[in-house]
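Subject: Structure handover, with notes on the ligand site and cavities

Hi,

Here is the structure I promised to pass on to you. Please have a look at it first, and then read on for what turned up.

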Amino acid sequence: MKKFTFGTPETLVPSKFCDAFDYREGEVRYPASNFIFKDRASDCILEFPIEDDCQIFGFGLQLKQFAHRGRKLKMDVNADPVTANGESHAPVPFFVTNKGYGMYFDTARYAEFYCGKQKNPAFSGAASVSEGGAADSEAALYASRRETSAWMSVRIPAAHGIDVYVIEGDSITDIVSQYNMLAGGGPEVPEWGLGMLYRCYTGWDSEKIKSVADYFRANDIPCDIIGLEPGWHSHAYSCTYKWSDRYPDPDGFLSYLKERGYHINLWEHAFTHPDADFFDEIAPYSGDWMVWGGLVPDFATPEARKIFADYMREHLVEHGVDGFKLDECDSSDNTGGWSFPLSAEFPSGLDGMQYHSLFGTLYVKTIMDALGGTPTLGEVRQMGALAASYPFVLYSDLYDHRDFIRGVVNSGFSGILWAPEFRSAHSKEECVRRMQAVVFSVQCLVNAWNYDGIPWVIHECEDEVKELLSVRAGLIPMLKAAFEEYHRTGKPPVRALVMDYTDDEKTYHIDNEYLFCDDLLVAPIAAGTGDEREVYLPVADKWEDYFTGEPVESGSFRVKTEGIPVYRRRK
Ligand code: GAL
């Protein structure tokens, strides 16, 4: 891996806030002379050619597209993108290719990537390549550029320089693992965090939640974590972080659940209501705009982090809370434009755009301080670059099942985790299909926050769900081992087929199958698409059916089942 510096990079960039950041310079084959850097009044640009057969993947949690060659993507933080334009809960300015290299751009700006477009040859002449390494002779430069008709252009608004980390490896898994190690490797995750997390209806009170917890135990429904949604705060939008009168005895309630073997996860967001005890203290360390009547703490300042973390530790963690769902730290362009504007100013010197890119990751960092050494696996709705080391999983209010499965496949490219949560269903078929994908993902999340009941009960498929949850229980040791490997080596527990089989062209457009843990291949059938699908098992290996152990021929074939097609790579 090698860092190339162009112009004068900004100082408030993701690597600055990544405590585990660990850059070890090595040599790369990628020629510095490939880059053309332009510093302009309001942005800077980096252009470079790509190979004619270069495929491009990554850019964070992309729910709507998989292979990016020929596309334009903007790393805009948006909770509800309507199309495949790069906007996301968790855009990450890092891409990988099938040509042995990937590039990470260390910026919190909404960078724009044009991935493989044509340039007018009259304009691909000499250029100023700065510190990254001097260009060879102009002739050599031009010759190498002529070999391709496709270029990438990266535009970074407001900046006058950029650090680009070029990472090389034999497979995409190898390249991504190095990117993850740059951020300290994957998170350490407790075994219980991999069990079922059931988020209760927002309208319930403590007595109702206790009765549901009892129902799960009485009916042998494996559930490890109970999640509370808005309703536990005395005021939720913005948050007071104080129990409401629906929970007259919070400590008694928490003990009741703990005694029955549950862990507890609390929903919150960071917008601090005037009734919060620390409102006055944190106000000077907050941005200049309010959201839903609450302050936006600037978690890039140690002061805001400490005030917030101290409160959460003393009032929640020390009372038995061991997980959090950190909501609303993205923003929206399409549902009323809530959250702070791009023009906002923060005491750390970050502006609104930069803070949107960093907000989720800094919030997680703050909550990790609150948790101290308490093991956890929580949820967060925004993340970005260099976030691999945090035990937090992304989720969304979007719900298209095909997109959710694509999210699982794509998450592995960028050091983030994604939960294709089950919320509710229109039919038994939808309920079962969604639970199948939930069980074969990193976090087994049922988010029934908006459903006054238990969603599988109404569709009369509790037996099917119980069966799937017992499959999940059998996967936990394997998943735990995969997380340990993620932590040690950076190899993510969920990977697109192209990550391990980078030379196999058949994998270049497969966005609905993924590798799970070390040697499973999962091919979920999306809800509402019938009971058949096409499966591809890479020909470089031998496979067997995960459930029966029967050998299965590699290559492409159709499968018809009410279950979930899962295969195991034979050693
Ligand atoms: C949304 C979140 C949902 C649920 C809801 C409660 O922002 O994505 O999962 O928590 O808030 O108001």
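Which residues surround the ligand? Keep in mind that this is a predicted model. The residues around the ligand are Glu 229, Pro 230, Tyr 237, Trp 267, Lys 325, Asp 327, Glu 328, Arg 381, Tyr 395, Asp 397, Asn 447 and Trp 449. Sorted by class, this shell holds 6 charged, 5 nonpolar and 1 polar residues.

For Glu 229, a side-chain N or O atom is 2.4 Å from an oxygen atom of the ligand. For Asp 397, the distance between a side-chain N or O atom and a ligand oxygen is 2.6 Å. Arg 381 has a polar side-chain atom 2.7 Å from an oxygen atom of the ligand. As for cover, the ligand on its own has 310 Å² of accessible area, and the protein covers 94% of that.

How many cavities of 30 Å³ or more does a search of the whole structure find? The search gives 7.

The largest cavity has a volume of about 90 Å³. Its lining is made up of 13 residues, and those closest to the centre are Pro 91, Pro 93, Thr 107, Ser 357 and Ala 385. Two elements give two or more residues each to this lining: strand E6 (91-97) and helix H8 (352-371). By class, the lining of the largest cavity has 8 nonpolar, 4 polar and 1 charged residues.

The second largest cavity holds about 80 Å³ of space. Lining this second largest cavity are Pro 14, Phe 17, Cys 18, Leu 358, Thr 361, Leu 362, Lys 365, Ala 385, Leu 386 and Tyr 390. Here the elements that supply two or more residues are helix H1 (14-17) and H8. Which element gives the largest share of that lining? That is H8, with 4 residues. The class make-up of the second largest cavity's lining is 8 nonpolar, 1 polar and 1 charged.

Best wishes

Key:
Residues are numbered from 1 along each chain as its sequence is written. This is a predicted model: local features need pLDDT of at least 70, side-chain atom pairs count only at pLDDT 80 or more; totals for chains, interfaces and linings use all residues. Side-chain values use heavy atoms; hydrogens and water are left out. A residue is near a molecule or strand if one of its heavy atoms lies within 4 Å of it. A polar contact is a pair of N or O atoms within 3.5 Å; within protein, one must be able to donate a hydrogen and the other to accept it, and residues adjacent in sequence count only if both atoms are side-chain atoms. Accessible areas come from the Shrake-Rupley method with a 1.4 Å probe; for residues, only the protein chains shown count as cover. Ala, Val, Leu, Ile, Met, Phe, Trp, Tyr, Cys and Pro count as nonpolar, Asp, Glu, Lys and Arg as charged, and the others, Gly among them, as polar. On a 1 Å grid over the protein atoms alone, a cavity is a set of points where a 1.4 Å probe fits but cannot get out, and a pocket is an open set with protein on both sides within 12 Å along at least five of seven lines; lining residues have an atom within 4 Å of a point. Grid points are joined across faces, edges and corners, and a volume is the space filled by probe spheres set on the points.
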